[in-house]
Amino acid sequence: NPSAVFQNRPDIDTVYQVRLWANSSFSCVSDTQRVNITVRPDPVANFGLSRDSICGSGNINFLNLSQSAATFNWNFDNGQTSTQVNPGSNFTMDPNQIAIYNVRLISTSIYGCNDTMIRPVSILPVPRARITADLLNGCTPLDVQFADTSHLGDQLFWDFGDGDTLTGVNPLHTFINNAGVFRDFEVVLRARTQLGCTDFDTLNIRVHPLPRPNFISNKTGICDTSSYEFSNLSSGIINSYFWDFGDGNTSTQTEPVHIYPSALSQDSIFSAKLIATTDQGCIDSISKFVVVNPLLFAAASINNTAGCSPLNVNFTSLSRNATQFYWEFGDGFISVQPNPSH
């Protein structure tokens, strides 16, 4: 009563013919007995995945590649099972580490033969990107200190919305707005783990423009050289002005008129400054020089006021700040010399 192990082929039935001869003690040989042993092929369990790892929770579809199988039994190691040919299953992540699920497929042939295949599925933790900032709005140039409060972010990529980018932790960035109206900059932080999973967070920074102060100054008269009229040429949404005329006097008028101290012997130069403030409290200023010319004082002296004809008189100009002279002697004669004799 022997036993034997019969091997099969993987694709078709394998038939073994077993023969039995029996001999008596007198060496008589019986007829040969024959019986066929049929060994069925084993199924081959095999399957593919739409992806063998995912970032965060998600669904994975499975493609059954088994051979010579009729029924299937899936166990996804997540509490879910299936008997479908090509099932799908939803997997959840561990928020702090890699979660590995060993997916098992048991493929069974029509004869009850089966084969098993196990493949791992990795569910990777996703970072949580978070941005905080010390300022959310202000006047240009606006310095904003950002702080990263992300979870599991090994690599940080910053996009400040103005064309500048940066890689690193807690950057300080300066926003510039040269437009005439406020501008919003969308700051994007992308956090990435070493395994390649990413998340992003956004934050809006509103930057208000500075005013554009400007003015010109003009003398109010030709000879009155110390009175100046200031014309305001500023632009922007401005709600207040402050003038510093450079001589200790100020004004909050939009277009003031100011009288400077008279210059005596030479030009007096003052630095006039206009400070403009917008409705958002943004401040800018501009300074220009104002030149006050000295006033002209005409005066003269003579060396002789009376005498016999012909009377010779020397005239001396005592004028201040004069560059041209015109003398009339009262007898029809004139002179343009500074100190004539007549």
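Trainee: In which strand does Asp148 lie?

Mentor: This is a predicted model, in which local features need pLDDT of at least 70, side-chain atom pairs count only at pLDDT 80 or more, and totals for chains, interfaces and linings use all residues. Residues are numbered from 1 along each chain as its sequence is written, and side-chain values use heavy atoms, with hydrogens and water left out. A strand is a DSSP run of E, at least two residues, numbered from the N terminus. The run of residues 142–148 contains Asp148 and is strand β13.

Trainee: With which side chain does that of Asp148 make a polar contact?

Mentor: A polar contact is a pair of N or O atoms within 3.5 Å, one able to donate a hydrogen and the other to accept it within protein; residues adjacent in sequence count only if both atoms are side-chain atoms. At 2.5 Å, the partner of Asp148 is the side chain of Ser150.

Trainee: Why is the disulfide of Cys55 and Cys197 left-handed?

Mentor: Cys55 and Cys197 form a disulfide (sulfur atoms within 2.5 Å), with their sulfur atoms 2.0 Å apart. The disulfide is left-handed because the torsion about its S-S bond is about -85°.

How values were computed
Helices (H or I, at least four residues) and strands (E, at least two) are DSSP runs, numbered from the N terminus.
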